[in-house]
Amino acid sequence: MSNSYSWWINSELRTYDDAARYFSKARQPDKGRPLKSWARLFKVGDNYVVRIEATDVAVFTPDNKLTMVIDMDSLSCYGQTLSSSMHRAIPIAVLRVGKGRYRVQHTRAIDNIRNKGGSPASAWAILRTSPELFTGMTFDLATGQAINARKDLKDCVIPDKRLEWVRKLRKFKQGVKVRAKLGVFDTLAKEVHAERMAAGSPSAWRRPDWSDALWVDALYNAIKDEQFPMELMRGFVASASISWWRPTTPTTQDVLKESENILNNLSINLRTRFGVFDIEQSKVA
């Protein structure tokens, strides 16, 4: 085997049986077994779950299938780790191609390139044209095939729904700016800053987790219903200007910039919920 490919295709776990054997040596099964330097393997019923911190990433099932279960919001938090390291733990290579968008491929495809005498650069070429990752994407570990791959979401846009979404989003952003001009964020920023000072250590500061379904739901409903609940506005403020070494009061510009970042990071999730993409059309026959 060429050394130039070994880091691509020598994953620790390649089959369900591999996962079972690996987990059988766990010293404390209830705490899982460390997998490489970034994950742990747990047994849940008859399945084996790869978990990073408290987030489930992938599940090995007894039919020798591997299902990607990480949600796209959580993926944005761990994207760098998974892109650079996932193929070392399980036989799935990941390539980030845009905000909230990743392409994935079973490493068997890369192994096939090696067997045919291709160059290591060809592995990246395969990834650039591989299917987009989505929650529930399943691979047959015997063949390396994604058995429910989808077309790219950008190729399955419903024009009327996209136009409606763009109008809603534009109104929401305008509403946020209006509240900024009215001084809403200045007042909230002073309250948030006072809470931070009272809490002491930055680790105790309250900040929204925008991968949490509760916050995503709140944001989605606000855009859809053209509402601006104060708790959501406060969430924007609490997310802005986190300085661990010199805490400062978030400015209105900090809040506007952070709200834009949040909307960009959650764009695919929000548009999917709104029905911008035809999920049935996206399924590959």
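In which helix is Asn 269 found? Asn 269 belongs to helix α11, residues 267-274, where helices (H or I, at least four residues) and strands (E, at least two) are DSSP runs numbered from the N terminus. This is a predicted model, in which local features need pLDDT of at least 70 and side-chain atom pairs count only at pLDDT 80 or more, while totals for chains, interfaces and linings use all residues. Residues are numbered from 1 along each chain as its sequence is written, and side-chain values use heavy atoms, with hydrogens and water left out.

**The protein as a whole**

The secondary structure comes to 12 helices and nine strands. Of the 285 residues in the protein, 44% are buried, a word that stands for under 20% relative accessible area, with exposed meaning over 50% and partly exposed in between (1.4 Å probe, protein chains only). Among the contacts (heavy atoms within 4.5 Å) with a separation of 6 or more, 61% are between residues 24 or more positions apart.

Asn 269 is buried, with a relative accessible area of 18%. The side chain of Asn 269 is joined to that of Arg 273 by a polar contact of 2.9 Å; such a contact is a pair of N or O atoms within 3.5 Å, where, within protein, one must be able to donate a hydrogen and the other to accept it, and residues adjacent in sequence count only if both atoms are side-chain atoms. Leaving aside its neighbours within four places in sequence, Asn 269 is in contact with Asp 73 and Val 216.

The largest cavity has a volume of about 50 Å³, and its lining includes Asp 73, Lys 99, Ser 267 and Asn 269. A cavity here is a set of points on a 1 Å grid over the protein atoms alone where a 1.4 Å probe fits but cannot get out, and lining residues have an atom within 4 Å of a point. Both α3 (72-89) and α11 supply at least two residues each to this lining.

**Helices α9 and α10**

Helix α9 (residues 230-239) is largely enclosed by the rest of the structure, because eight of its 10 residues are buried. Its buried residues, among them Leu 232, Phe 236 and Val 237, pack against α6 (159-181), α7 (184-199), α8 (213-225) and α10 (252-265).

Which residues of α10 are buried? They are Thr 252, Val 255, Leu 256, Glu 258, Ser 259, Ile 262 and Leu 263. These residues cover an arc of only 165° around the axis, which puts them on the same side of α10; the arc is that of the directions from the helix axis to the C-beta atoms. On the other side of α10, Gln 253 and Lys 257 are exposed, and what covers the buried residues includes α6, α7, α8, α9 and α11.

Conventions
On a 1 Å grid over the protein atoms alone, a cavity is a set of points where a 1.4 Å probe fits but cannot get out, and a pocket is an open set with protein on both sides within 12 Å along at least five of seven lines; lining residues have an atom within 4 Å of a point. Grid points are joined across faces, edges and corners, and a volume is the space filled by probe spheres set on the points.
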